[in-house]
Amino acid sequence: MTQFWQRGELTKLAVLVGIRLNHLSEILHRKRGVSVTRALALERASKKVLGYPVPWSEWLLNKDSSHPAFYGNPNH
């Protein structure tokens, strides 16, 4: 299994969105949800960091998402 995030990308993403790294980690580990506004900001920032966006709907529904950016299994 390959790792989705490369070294330093999460830090860049957190800075662009204006959240703490541990907050972003909780989102990616499906322990914290996000608002629509935050999901849209994460989509825009992920495009800047990765070169393509992680769709806002994946951020918004992170607990159920099967997108490889998120850790662990979705709650299906």
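Reader: What makes a stretch of this chain a helix, and where is Val 49 placed?

Author: A helix is a DSSP run of H or I with at least four residues, numbered from the N terminus. The place of Val 49 is in helix H3. The model under discussion is a predicted one.

Reader: How many helices and strands does the chain have, and in what order do the elements run?

Author: The chain contains four helices and zero strands. Read from the N terminus, the order is α-α-α-α.

Reader: How do you know whether the radius of gyration of the chain agrees with that of a compact globule?

Author: For 76 residues, a compact globule would have a radius of gyration near 11 Å. The chain has 11 Å, and therefore the value agrees with the rule. Along its principal axes, the C-alpha trace spans about 30 × 30 × 20 Å.

Reader: Why is Val 49 called buried, and which residues does Val 49 touch?

Author: Buried means under 20% relative accessible area. Val 49 has 17% relative accessibility, so Val 49 counts as buried. Leaving out residues up to four places away in sequence, Val 49 touches Glu 9, Lys 12, Leu 13 and Leu 16. Val 49 and Arg 38 are 11 residues apart in sequence, and their C-alpha atoms are 16 Å apart in space.

Reader: What makes His 67 buried or exposed, and where does His 67 lie?

Author: His 67 lies in the segment after helix H4 (56-60). The relative accessibility of His 67 is 17%, and the limit for buried is under 20%, so His 67 counts as buried. Beyond residues up to four places away in sequence, His 67 touches Phe 4, Val 54, Pro 55 and Glu 58.

Reader: How do you know whether Ala 69 is buried or exposed?

Author: Ala 69 has 0% relative accessibility, so Ala 69 counts as buried. Ala 69 is found in the segment after H4. Not counting residues up to four places away in sequence, Ala 69 touches Phe 4, Trp 5, Leu 28 and Val 54. The C-alpha atoms of Ala 69 and Glu 58 are separated by 9.2 Å, although these residues are 11 places apart along the chain.

Reader: What makes a set of residues a nonpolar core, and which residues touch the most other members of the largest one?

Author: Such a core is a set of buried residues of nonpolar kinds, Leu, Val and Trp among them, joined through side-chain atoms within 4.5 Å. The largest has 20 residues, of which Trp 5, Leu 13, Val 17, Leu 24, Leu 42, Val 54 and Trp 59 touch the most other members. Helix H1 (9-17), helix H2 (21-28) and helix H3 (36-50) each give two or more residues to this core. H3 supplies the largest share, six residues. In soluble globular proteins, nonpolar side chains tend to be buried together.

Reader: What share of the residues of the chain counts as buried?

Author: Of the 76 residues, 36% count as buried. The chain exposes about 4900 Å², with carbon and sulfur atoms supplying 53% of that area.

Notes
Residues numbered from 1 in each chain as written. Predicted model: local features only at pLDDT ≥ 70, side-chain atom pairs only at ≥ 80, totals over all residues. Heavy atoms only, no water. Rg over C-alpha atoms; globule rule 2.2 N^0.38 Å. Buried < 20%, exposed > 50% of the residue type's maximum accessible area, 1.4 Å probe, protein only. Areas by Shrake-Rupley, 256 points an atom, 1.4 Å probe, with all protein chains shown as cover. Contact = heavy atoms within 4.5 Å.
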